[in-house]
Amino acid sequence: METHVGIGIGKIIEEKLLNAENEILISTPMISPDFAKKMIFSLKKGIKVKIITSEPYFEDEKQAISILQEKSSKKHNESIELKVINFKQAALIHAKIYIIDNKIAITGSANFTEKSFFKLPEYIIIQNKDCEIEQIKNNFEYIWKNFRHESQNLVRKRIKNMAKKLLFRT
């Protein structure tokens, strides 16, 4: 196990992600468009990519989800497995987990954004023992299996319906 704290520690995570050979698993509440594109690049290298995130709130997060959703459709030979957790189940998927090739598991405070990786003081723990990686992967899979995916459009419809009900209450 090793730990890192400070500004710019995301370069450690980014390096490990970009050197993946087989599989990348990510759980994060926020994803930037540039990092979404980097995962598409990994996909094109034949790497399996599986991402859990929250419904986007900010415009750049919405753009990142759109980039990923395009590659999660069945029409592409290579596809990202993407699960966007709806607000009703969890206001925010707050777990930050990065698992690379079942050889490294990184947890900590860093979101999958440039701001978090390079401009904010963050803390990460890097695990490389098989038993610890397996436990963290089991935790990732628990989140994957126990929270439902809903599209942005469905969530927007629910929000509009709730707003209408609130506005037209007597």
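## Helix α5

In α5, the buried residues (under 20% relative accessible area, with exposed meaning over 50% and partly exposed in between, for a 1.4 Å probe and protein chains only) are I133, I136, F140, E141, I143 and W144. They lie on the same side of α5, because they cover an arc of only 155 degrees around the axis; the arc is that of the directions from the helix axis to the C-beta atoms. An α-helix has 3.6 residues a turn, so residues three or four places apart point the same way. Helices (H or I, at least four residues) and strands (E, at least two) are DSSP runs, numbered from the N terminus. The model is predicted: local features need pLDDT of at least 70 and side-chain atom pairs count only at pLDDT 80 or more, while totals for chains, interfaces and linings use all residues. Residues are numbered from 1 along each chain as its sequence is written, and side-chain values use heavy atoms, with hydrogens and water left out.

The buried residues of α5 pack against the strands β2 (23-27), β3 (48-54), β4 (81-85), β5 (97-100), β6 (104-108) and β7 (121-127). On the face turned away from this buried side are the exposed residues C131, E134, Y142 and K145. The expected span is 1.5 Å times one less than the number of residues.

## Helix α3

Helix α3 has 14 residues and reaches 20 Å from its first C-alpha to its last, close to the 20 Å expected at 1.5 Å a residue. Its buried residues are E61, A64, I65, I67, L68 and K71. Seen down the axis of α3, these residues fall within an arc of 155 degrees, so they line one face of the helix. The face turned away from the buried side carries the exposed residues E59 and E70.

## Overall fold

The protein contains 6 helices and 7 strands, in the sequence order β-α-β-α-β-α-β-β-β-α-β-α-α. Of its 170 residues, 45% are buried. Among contacts (heavy atoms within 4.5 Å) between residues at least 6 apart in sequence, 75% join residues at least 24 apart.

## Pocket and cavity

On a 1 Å grid over the protein atoms alone, a cavity is a set of points where a 1.4 Å probe fits but cannot get out, and a pocket is an open set with protein on both sides within 12 Å along at least five of seven lines; lining residues have an atom within 4 Å of a point. Grid points are joined across faces, edges and corners, and a volume is the space filled by probe spheres set on the points. The largest pocket has a volume of about 180 Å³. Of its 14 lining residues, M30, E61, N111, T113 and K115 are the closest to its centre. Helices α3 (59-72) and α4 (114-119) are the elements that give two or more residues to this lining, and α4 provides the largest share, 3 residues.

The structure holds 1 cavity of 30 Å³ or more, and about 30 Å³ of space lies in the largest cavity. Its lining includes M30, T53, E61, A64 and I65. The most comes from α3, with 3 residues.
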